[in-house]
Amino acid sequence: MSMFCFQCQETAGNAGCKVKGVCGKTDVVANLQDLLIFVTKGIAVWVEKGRSKGLFMDKETGRFMTRALFTTITNANFDEGMIMARIKEALGVRDVWQAKVLGSSQDCSCRLTTPECATWSADTDEKIRAKAAYVGVLTTGNEDVRSLRELITYGLKGLAAYAEHAAELGYEDLDIYDHVVNALTATVHELTADELVAMTLKTGEYAVKTLALLDKANTSTYGNPEVTTVNLGVRKNPAILISGHDLRDLEDLLEETKGSGVDVYTHSEMLPAHYYPKFKKYDHFVGNYGGSWWHQNDDFENFNGPILMTTNCIIPVKGTYLRRMFTTGAAGYPGAVHITDRPTSGRKDLAAIIALAKTCPSPKEIETGTIVGGFAHAQIMAVADKVVAAVKSGAIKRFVVMAGCDGRNKDREYFTDVAKALPKDAVILTAGCAKYRYNKLNLGDIGGIPRVLDAGQCNDSYSLAVIALKLKEAFGLDDINKLPISYDIAWYEQKAVAVLLALLFIGVKHIRLGPTLPAFLSPGVAKVLIEKFDIKPISDAPSDVKAIVAGV
Ligand code: SF4
Ligand code: SF3
């Protein structure tokens, strides 16, 4: 075994990638990502110790930790050099904290232990690579403790991604960064299983808080999403395709391409950007191109112009488009040009991507037509009376939350089958790239309310929680689980883990999860989740639709 990773749904054999990632991550990159997490835990240890000496978290450290966690999320960064550089930076941040905490006495009077992640160091790439193979998931021997430590870590990776997007828009919360420290240190101290379960749920609470912060950042900056018809066709101009989740990067791109003759299209999780009022003013912001992330080999080849990957999900490049692919932020891919962070004021330097676009042919048309989205919480609340009346009259009998991720696994056809088989009085609430399994099916509407309500990116999952809580209020219910809402969640990467923990925190039970239950849940931990929250694996579409209709 040269690596071990089981953080995503596509892990080899639903057990663990041991030689190379199914995602395309090499063993070297996988191990370096483990080491980056290890050293980031070391930073957390010194911040925690610092509290007893009156030293507290600052924005730079919190931001560094969340960026480091985000870098290791599935399909964000495949670039060995970038991860190596980040490990060295992390060692530097950790050393500064260690020096501050120890002061001149070199004595830590606090009673907390000092695990190896807080003290190990290396001064060459060779030593870093050598250590990287020995700090991963399997260093925790007890299966249940390992499972809980990883569940917390993956929830944190998702939370960190959301925090990072909010921070890009100038919204940060030291309390969230402090939770990152608490949760990371919980994975290195010798805690009981009960204490780790409590920290898992606490991470769910902070996932809600972080999603709320991101919602505030997005809506304060770009306005509340509006119901919008998005074009799927193409124009004759040269163009840039932007993918991933970062709205600030899109804003920079739209501003920099203004008047240049270069059009901008969204791909995959960037689709919901069209719903924001502020982005509607750009007449060169043309539409959405292609499907969800795993179709990118075909979509990017056909697009003809440059592609900007702002975050996950990147897949291994096949074909000729690598010379047209750029990454930025936490994303990285060997051979793709990386656009550096924006200066303190101003925009990212996108000159290279725009210059390349001007030399490229216009995108090849792969489909035509439109899709409709923009049903985030403010829009739903604006028509809340209509929705409540439709439920009371029986026109809408059930809402089915089918949010989450898409993926390559063939079993994901289940989600298309469920969408098709649900009765005409059921409405699907979605967010995330899971929607691509059914958002082009034309499932119709109920009295003007579309049967697929897209709240946005996985980053907008907060909307689904707000909608559920508001409906609970509107119906005067004392328990969110009494609403006519079923949860049929598709997960793939760690942001979905954060969303799952957020749903558990707000009290949602009976969630169906698929296409498989996470491999990182040990039988013991899975049992706790099943007993406490009635989480269940998906079954087959006909059986699940029958159960959903019956409210089971
Ligand atoms: Fe395997 Fe997923 Fe880890 Fe990639 S991220 S190495 S596919 S478990
Ligand atoms: Fe998708 Fe990667 Fe999770 Fe944002 S783009 S939902 S998988």
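This is a predicted model: local features need pLDDT of at least 70, side-chain atom pairs count only at pLDDT 80 or more; totals for chains, interfaces and linings use all residues.

Tutor: Let's begin with the inside. In soluble globular proteins, nonpolar side chains tend to be buried together. Here the largest nonpolar core has 169 residues, and the ones touching the most other members are Leu35, Ile87, Leu250, Phe279, Phe399 and Tyr487. Helix H1, residues 27-51, is the top contributor to this core, with 12 residues.

Student: Which residues does Phe399 touch, leaving out those up to four places away in sequence?

Tutor: Its partners are Val387, Val391, Val427, Leu429, Leu471, Pro484, Ile485 and Ser486.

Student: And how is the chain split into domains?

Tutor: The domain assignment lists domain 1 as 12-221, domain 2 as 228-357 and domain 3 as 381-550. For a pair of domains, check the spacing, then the contacts, then the buried area. The C-alpha centres of domain 1 and domain 2 are 29 Å apart. Across that boundary, 18 residues of domain 1 contact 21 residues of domain 2. About 1600 Å² is buried between domain 1 and domain 2, with carbon and sulfur atoms giving 54% of it. On the domain 1 side, Asn75, Phe78 and Glu168 lose the most area to domain 2, together 30% of what that side buries.

Technical notes:
Residues are numbered from 1 along each chain as its sequence is written. Chains are lettered from A and ligands numbered from 1 in the order in which they are written. Side-chain values use heavy atoms; hydrogens and water are left out. A nonpolar core is a set of buried Ala, Val, Leu, Ile, Met, Phe, Trp, Tyr and Cys residues joined through side-chain atoms within 4.5 Å. Buried means under 20% relative accessible area, exposed over 50%, partly exposed in between (1.4 Å probe, protein chains only). Helices (H or I, at least four residues) and strands (E, at least two) are DSSP runs, numbered from the N terminus. Contact means heavy atoms within 4.5 Å. Domain bounds come from an automatic or database domain assignment. Buried area is the accessible area (1.4 Å probe) that two parts lose on being put together, summed over both.
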